[in-house]
Amino acid sequence: MIFSIFKAYKEKMKELSMLSLICSCFYSQPHPNTISKFGDMEVKPINKRASGQAFEVILKPQSTDLTPEQPISPKKKEISLEELQQQLDAAEDRRKSQEMQLLQQLAEKQQHRRIVLHRAIVDNCDFSRTTERKLNQKMEICNENRKAHIAALKDRLREKERHAAEVRRNKVLREELSG
C-alpha cells in the first residue's frame, strides 16, 4: 500500500517537474494562492525558497472504488449512404489489389521454380553427357590397353615357342652328332 502511494507520488512528481519547468518559463514568480489539481493530488506553490520554487504536494486518499476511469470516446458522426458506399468500394478495391499482388507474387514464385527446375534438368543432362563421354573414353583406353597387353603376351608366347623349337632342334642335332 505504501509502496504504491510512493510510486504514484514519484510518477506525479515527474509530471509536475515538467509542468513547473514549462510554467516557470512563462511566469517567473508563481501566484501565491494558485492551487493546481492533477488527478488524485493537489499542488500548492510555497514561496519559501530564494534559489527557486518549492511546491507542496497533497495526495488524496486512495479510493476504495477500483474501477479505472473510462475515457470518454468522441461521438461518431453520422455517415451518409454515399460515403458508406464509397468506403465499401474503396475496401473492395484494396482487397482486389491485395489479391492481385498475392497472385502476382505466387506467379513469380512459380516461374522461378520452373526456371530452377529447368536449370537443374539441363545441368543433370550436361553432367550425364560428360560422364558418359568420359566413361566411353576410359573404356576405349582400357580396351586399347587390353589389346596391347594381349598382343604383347602373344609376342612373348611366339618368342618362347620359337626358342623352344630352336632348343629342340639343337637337342636333336646334338643327339644325332653324339649318337
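Analyst: A helix, as the word is used here, is a DSSP run of H or I covering at least four residues, and helices are numbered from the N terminus. With that in hand we can read this model, which is a predicted one.

User: How many helices and strands does the protein chain have, and what pattern do they follow along the sequence?

Analyst: The protein chain has two helices and three strands, and when you read along the sequence they come in the pattern α-β-β-β-α.

User: What share of the residues in the protein chain is buried?

Analyst: Of the 179 residues in the protein chain, 4% are buried. The accessible surface of the chain comes to about 17,200 Å², and carbon and sulfur atoms account for 58% of that surface. As for contacts, among those between residues at least 6 apart in sequence, 28% join residues at least 24 apart.

User: How many salt bridges does the structure hold?

Analyst: The general idea is that side chains of opposite charge can pair when their charged atoms come close. In this structure there are five salt bridges, and one of them joins the side chains of Glu 159 and Arg 162, with 2.0 Å from N to O.

User: Are Glu 159 and Arg 162 buried, partly exposed or exposed?

Analyst: The cut-offs to keep in mind are under 20% relative accessible area for buried and over 50% for exposed, with partly exposed in between. Glu 159 has a relative accessibility of 43%, so it counts as partly exposed, and Arg 162, with a relative accessible area of 48%, is partly exposed as well.

User: Which residues are linked in a network of salt bridges?

Analyst: Glu 92, Arg 95 and Glu 99 are linked in such a network. Arg 95 is partly exposed at 36% relative accessibility, and Glu 99 is partly exposed with a relative accessible area of 37%.

User: With which residue does Arg 129 form a salt bridge?

Analyst: Arg 129 forms a salt bridge with Asp 126, and their closest N and O atoms are 3.1 Å apart. Asp 126 has a relative accessible area of 33% and is partly exposed.

Definitions and conventions: Residues are numbered from 1 along each chain as its sequence is written. This is a predicted model: local features need pLDDT of at least 70, side-chain atom pairs count only at pLDDT 80 or more; totals for chains, interfaces and linings use all residues. Side-chain values use heavy atoms; hydrogens and water are left out. Buried means under 20% relative accessible area, exposed over 50%, partly exposed in between (1.4 Å probe, protein chains only). Contact means heavy atoms within 4.5 Å. Accessible areas come from the Shrake-Rupley method with a 1.4 Å probe; for residues, only the protein chains shown count as cover. A salt bridge is a side-chain nitrogen of Lys or Arg within 4 Å of a carboxyl oxygen of Asp or Glu.
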